[in-house]
Amino acid sequence: MTMAARNMKTGIAERRLIEEAGAPGFAHAGWFDKARLAALDSFEAAGLPHRRLEDWRYTDLRQILEKRLARVEENSGRSDAPAGLLDAVDAYVALIGADGVEGDFSALPEGAEIMRLGDVLDEGWVRDAMDASVFGNTDAPQAAAIIDLNTALLGGGVAIHIAHGVVLEKPIHLAFSGNGTRHLRSVIVLEEGASACIIESHQAGANAFSDLVSDIRLTRNASLTRIRIQNDDRSAIHLASDRIVLGEGAVLDGFLMTLGAAVSRNQSFVRFTGEGARATVNGVYALRGSQHGDHFCLTDHAVPGCESVTLYKGVLDEAATGIFQGRVLVRPDAQKTDGRQANHALLLSREATMNAKPELEIYADDVQCAHGSTVGELDRDAVFYLRSRGLDEASARQLLISAFLDEVFEAVTHEGVRDILRVIASEWFIQERGRHHE
Amino acid sequence: MLEIKNLHVTVDGKEILKGIDLSIGAGEVHAIMGPNGSGKSTLSYVLAGRDGYEVTQGSILFKGEDLTAKNVEERAAAGIFLALQYPIEVPGVTTMTFLKTAVNAIRVARGEGELDAVRFLKLVREKAKPLNVTDEMLKRALNVGFSGGEKKRAEILQMALLDPSLCVLDETDSGLDIDALKVVSDGVNMLRSPERSMIVITHYQRLLDHIVPDRVHVLSGGRIVKSGDKELALELEKSGYADYAADAA
Ligand SMILES: Nc1ncnc2c1ncn2[C@@H]1O[C@H](COP(=O)(O)OP(=O)(O)O)[C@@H](O)[C@H]1O
Ligand SMILES: [Mg+2]
């Protein structure tokens with residue numbers, strides 16, 4: 001049965017998405033066909049999320065997609081800096097398009113594999129990683145529901161497996177680009193004691209709709225550094241959900257930079273299943289024009305003795321909107337949890353908007369948790385001070401913006417990428433202001 | 001160098017300076033003294049071009065040009081330097097990065113071209129040494145966690161690096177113990193030259209023992225109520241500002 005042949009009760013946006021996706025090309029593993037149909041049913045029943053759902057209060061996806069599908073936007077451009085700068089990083093590069101994974105992986109060490117997801121769908125580790133039941137009692141079902149859309153319409157993706165004890169010295173760079181609508185899945189599994197750094201760059205074209213899900217499993221004592229730079233065209237829609245499970249003693253060092261897309265929503269679901277694990281889920285967003293960037297982070301401490309840090313910092317210029325919805329959930333057994341979460345935003349214009357909702361939900365008593373949220377403007381006294389020393393106004397503001405964001409860059413462990421992030425940030429304000437005033 | 005005529009300045013709709021006349025020749029050092037709230041800092045901000053200080057009457061000529069037509073950074077490039085009464089803390093920006101950015105911004109504006117890293121470092125070391133500004137201080141975020149003395153020494157270092165032709169020092173002595181006062185005043189005296197003029201704002205006479213002025217003016221209630229030579233400062237030390245405050249009210 002093809003997707004289009006199903007009798008649909010859903011709205012225009014949903015139907016368009018399903019028709020566009022057509023019959024998915026790659027997946028005929030029995031288990032997945034079933035999972036796909038089940039996901040389609042629940043997606044059809046629930047429909048696209050809308051603002052009456054608390055988790056989607058600030059990002060009405062139904063309305064956004066309905067509007068977007070009704071008309072084609074102009075290419076609104078983007079900064080070329082990230083793509084160019086990242087080329088300089090010595091890495092195993094995999095180009096991820098709508099229909100495949102390209103790259104020369106012959107130099108990968110024994111035990112490290114990068115594959116087309118469709119080719120390995122039947123393998124146990126892939127199936128386990130894509131198994132949502134570990135998130136079955138997620139505390140954010142409304143947010144997680146959108147993953148059904150990806151499962152139902154999945155058209156491709158990448159699978160990465162790092163075997164027991166393998167330490168990858170060079171990073172893997174997953175370069176996402178392309179146009180149109182893409183529903184892609186990344187499955188990343190690090191077996192016991194394995195270690196890797198995975199960089200993702202996103203450069204989707206005008207009007208692209210990227211629907212991405214990453215299923216990540218870090219087995220006992222595995223360690224993953226994951227750095228993402230989202231720089232889609234400013235007419236694009238970017239939807240990304242990460243489901244990350246950390247076993248005993250595993251370490252996740254995650255960083256996201258949101259620069260592009262008209263509308264972006266990043267969801268991170270982190271779940272600890274073994275003691276003594278540590279997760280950093282950090283991010284920086286720099287948005288302008290009418291860009292809308294939503295960051296949703298749920299960290300689920302299901303077992304004792306784990307540590308999580310979420311630090312987001314953002315700058316919003318012109319009429320941009322930033323959203324941060326964070327929740328640290330500490331379940332009754334999760335004693336000795338250390339959970340910290342904060343979002344700090346700078347508004348550079350009166351038209352910019354920030355909505356922040358950090359929450360702690362704690363059911364254990366012996367824990368250390370903290371959260372914070374601030375929204376401010378550039379310090380006018382500091383701008384005057386720097387100008388009185390000869391810096392022009394844009395340079396003074398840029399210097400203060402870079403200084404504000406630097407705390408998050410400082411925590412990025414890959415030195416080469418950290419420098420690149422700093423360059424991108426240090427040029428963002430001046431470059432864009434310059435462009436707008438040409 | 002500087003020619004101020006009948007200057008009236010309003011802040012938040014309130015007139016603070018009510019007709020100031022002041023003329024400073026090249027190489028001269030003028031002290032401005034006066035009670036708290038008399039408008040000393042306001043005068044310094046007007047010269048630096050800070051937002052919110054509105055000139056409602058009168059004129060300021062600097063090297064023969066209308067200063068009020070220039071924005072803050074243009075005034076800095078033209079040679080105005082204001083050492084703040086309360087230097088502002090700038091977290092995340094190291095003092096060294098800030099100094100390099102400032103020096104090169106000013107050099108470019110003056111058509112001198114940027115200094116490369118090596119020549120810049122040499123220049124900073126040379127100017128920092130007599131002010132006891134250590135490498136460790138230069139690595140810290142600008143003014144963040146600096147003691148009162150460190151902040152003032154950092155201000156004088158900036159002044160030395162930016163090579164201004166009019167230095168305005170706003171209560172540079174406040175918060176300094178006697179040793180720090182000596183270091184700072186020695187630093188300022190080293191910068192005295194026939195091409196460089198200075199306005200030294202202070203509440204107390206003691207700074208003027210170290211930085212000896214050519215002229216002393218008493219500012220009270222937004223007006224210069226008395227001018228004289230350095231003896232005037234000694235007189236004030238004895239009699240206080242009470243007489244002048246009464247005049248102004
Ligand atoms: N931002 C402001 N808004 C309103 N009044 C101000 C402001 N800043 C200073 N003033 C007032 O201006 C007067 C002069 O202040 P200031 O120049 O700081 O005096 P001084 O430096 O001589 O102590 C004071 O009465 C003060 O209260
Ligand atoms: Mg003052």
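This is a predicted model: local features need pLDDT of at least 70, side-chain atom pairs count only at pLDDT 80 or more; totals for chains, interfaces and linings use all residues.
Trainee: Which residues of chain B coordinate the magnesium ion (ligand 2)?

Mentor: The coordinating atoms are an OG and an OE1, at 2.1 to 2.4 Å from the ion. The two residues lie 44 residues apart, one in helix α1 of chain B and the other in the loop between β6 and β7. They are Ser41(B) and Gln85(B).

Trainee: Is Gln85(B) buried or exposed?

Mentor: Buried means under 20% relative accessible area. Ser41(B), at 22%, is partly exposed. Gln85(B) has a relative accessibility of 14%, so this residue counts as buried.

Trainee: How many residues of α1(B) are buried?

Mentor: The helix is mostly covered. Among its buried residues are Lys40(B), Thr42(B), Leu43(B) and Tyr45(B). Ser41(B), also in this helix, is partly exposed at 22%. The count of buried residues in α1(B) is 8 of 9.

Trainee: Which residue with a positive phi follows α1(B)?

Mentor: Helix α1 of chain B covers residues 40-48. The residue that follows has a phi near 95 degrees, and its name is Gly49(B).

Trainee: Where is Asn143(B), and what is its phi?

Mentor: Asn143(B) sits in the loop between β8 and α6 of chain B. With a relative accessibility of 0%, Asn143(B) is buried. Most residues other than glycine have a negative phi. Asn143(B) is not a glycine, yet its phi is positive, near 65 degrees.

Trainee: How many charged residues are in the contact of α4(B) with α6(B)?

Mentor: From α4(B), the contact includes Leu123(B), Val124(B), Lys127(B) and Ala128(B). From α6(B) come Leu157(B), Ala160(B) and Leu161(B). By class there are 6 nonpolar and no polar residues, and the number of charged ones is 1.

Trainee: What is the orientation of α6(B) relative to α7(B)?

Mentor: The axes of α6(B) and α7(B) are 10 Å apart, at an angle of about 10 degrees. Angles under 35 degrees count as roughly parallel. Therefore α6(B) is, relative to α7(B), roughly parallel.

Trainee: How many nonpolar residues does the contact of α6(B) with α7(B) have?

Mentor: Lys152(B), Arg153(B), Ile156(B) and Met159(B) of α6(B) meet Val183(B), Val184(B), Gly187(B) and Val188(B) of α7(B). The contact has 2 charged residues and 1 polar residue, and the nonpolar ones number 5.

Trainee: In chain A, which residues does His50(A) touch, not counting those up to four places away in sequence?

Mentor: His50(A) lies in the loop between α2 and α3 of chain A, and is buried at 13% relative accessible area. Its C-alpha atom is 5.7 Å from that of Leu61(A), 11 residues apart along the chain. The residues touched are Trp56(A), Asp60(A) and Arg62(A).

Terms used: Residues are numbered from 1 along each chain as its sequence is written. Chains are lettered from A and ligands numbered from 1 in the order in which they are written. Side-chain values use heavy atoms; hydrogens and water are left out. Donors are N, O and S atoms within 2.8 Å of the metal (3.2 Å for Na, K and Ca); water is not among the atoms, so sites may look incomplete. Helices (H or I, at least four residues) and strands (E, at least two) are DSSP runs, numbered from the N terminus. Buried means under 20% relative accessible area, exposed over 50%, partly exposed in between (1.4 Å probe, protein chains only). Contact means heavy atoms within 4.5 Å. Ala, Val, Leu, Ile, Met, Phe, Trp, Tyr, Cys and Pro count as nonpolar, Asp, Glu, Lys and Arg as charged, and the others, Gly among them, as polar. Axes are lines fitted to C-alpha atoms, for helices over the stretch in contact, and angles run from 0 to 180 degrees between N-to-C directions. Angles under 35 degrees count as roughly parallel, over 145 as roughly antiparallel, 65 to 115 as roughly perpendicular and the rest as oblique.
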